[in-house]
Amino acid sequence: MDARERALRQAYGHAVHWLESLSDRRVPARASVEEIVRALGVELPDGPSEPADVVDLLATACEPGLTAFPGGRFYGFVIGGTEPAALAADWLVSAWDQNCVLRAASPAYAAVEEVAGAWLLDLLGLPGDSAVGFTTGATMANFTCLAAGRDAVLRRAGWNVARDGLAGGPPLRVVAGQDRHMSIDLALRYLGLGEPELVKADGQGRIEPEALRHALAAGGPGPTIVVLQAGDIHSGAFDPFAEAIRAAREADAWVHVDGAFGLWAAASPAYAHLTAGCAGADSWATDAHKTLNVPYDCGLAIVRDRSAGRAAMGLHGDYLILHEHGDPSDKVPELSRRGRAFTVWAALRSLGRSGVADLVERLCRHASAFAAGIAGIDGATVLNDVVFTQVCAEFGDDARTERVLAALLDDGTAWISGSTWHGRRVMRISVSNWSTTDEDVTRTLDAVRRASGGA
Ligand SMILES: *Cc1c(COP(=O)(O)O)cnc(C)c1O
């Protein structure tokens, strides 16, 4: 066995050990940053070390500082886990180490990206000829789609951003619901567009189509982007796409949908109604590392007009080059990058159509069980309509909610985030892991009951 194989076998052993520990280990990390730094050692060695020993040191030193993110009782943020085929394929991605810039350079990557992209469009109910770019996450997917939208609406107004930049060009409005995800603001900042104009949303975070129509009319004609949302991080709510997109079309706006975790509702016959009308937009951002449960990192930037996407991200920036198949790098900001489509393909091939639907439905079923369980706890109130995977609850007042959250984290059975929603401190449960079981939900609800009993 050579040094490389010894290192890989060492890593395999540590990986399996970690994965096996997930069902019972404490969810929050046991060690602090300082403790891990001490265990690793701060001195850069003067010379080389045996690769297997390096892997061993890294795994052993880090183990107490790892959080059980990929386990079944992590409900903080919306993060997903690691579906087995996707995790194994991701190891191959590193071993294969393909450069994914050009179709001609890695036919295997280009083929897999093409097949996975087509499957994704089918599952998500989106137009089959859209471009699917594989980004680091939904933040960069939002950026990528909004770049295509920015350039397209300015082009329609006679302005070429790729050549002339933004300065001196026509004003561009970006209109979003007040409860959009903050990554939209970040993407707009990268794009030189500043903060969006905000439109009123209802109590669940859904944009109000009439308010959108008024806002668009009040601004008068001109290049406009409207940003909608599939899946509010607090309530899980979906914007009323059909009506909102109709209003946006009246203003000739580019419509982008941030569906980081919610777009996957479309893959389930039971939940697809939530995304009704969504396919009428121009671009969609979602994550594979959330609801689909591939390991970090993978977002998906989907643009209906392939040439608009390529004009913004392609190396040539020429709107009129229309090959049937572009290069993978035409659809994303990066040139060199990881072969993310291999991992997505493996997840989809492993789950199949019914497996993806089951996954979505299981997450929603667990969220409903959480809502029912919490509603039965003395002094607790579920604040949102639980339509998807998100539950927001409070425990009487902000101070008590805070104490329950702290006691729960201390207990270690599960991890649930605190947040502020409509001015109140809330416990926010996000169910996003494929491996969460009914027993995980029961154990977590017991822990929430214990935490609220002492608070
Ligand atoms: C998570 C999330 C994002 C950001 O996604 P990353 O993958 O973390 O970049 C954007 N929008 C929504 C609605 C999200 O839930």
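By class, how many nonpolar, polar and charged residues does the lining of the largest pocket have? The lining has 22 nonpolar, nine polar and one charged. Nonpolar covers Ala, Val, Leu, Ile, Met, Phe, Trp, Tyr, Cys and Pro; charged is Asp, Glu, Lys and Arg; polar is the others, Gly among them.

A word on the source. This is a predicted model: local features need pLDDT of at least 70, side-chain atom pairs count only at pLDDT 80 or more, and totals for chains, interfaces and linings use all residues. Residues are numbered from 1 along each chain as its sequence is written, and side-chain values use heavy atoms, without hydrogens and water.

Back to the pocket. A pocket is an open set of points on a 1 Å grid over the protein atoms alone, where a 1.4 Å probe fits, with protein on both sides within 12 Å along at least five of seven lines; lining residues have an atom within 4 Å of a point. The largest one has a volume (the space filled by probe spheres set on the points) of about 1100 Å³. Its lining takes 32 residues, and His14, Ala15, Trp18, Leu66 and Trp91 lie nearest the centre. Helix α1 gives the largest share, eight residues. Helices here are DSSP runs (H or I, at least four residues), numbered from the N terminus.

Now Asp440. Find Asp440 in helix α14, residues 438-454. Is Asp440 buried or exposed? Asp440 counts as buried, because its relative accessibility is 9%; buried means under 20% relative accessible area, with a 1.4 Å probe and protein chains only. Its contacts (heavy atoms within 4.5 Å) include Gly72 and Tyr75.

Key:
Helices (H or I, at least four residues) and strands (E, at least two) are DSSP runs, numbered from the N terminus. Buried means under 20% relative accessible area, exposed over 50%, partly exposed in between (1.4 Å probe, protein chains only). Lists of a residue's contacts leave out its neighbours within four places in sequence.
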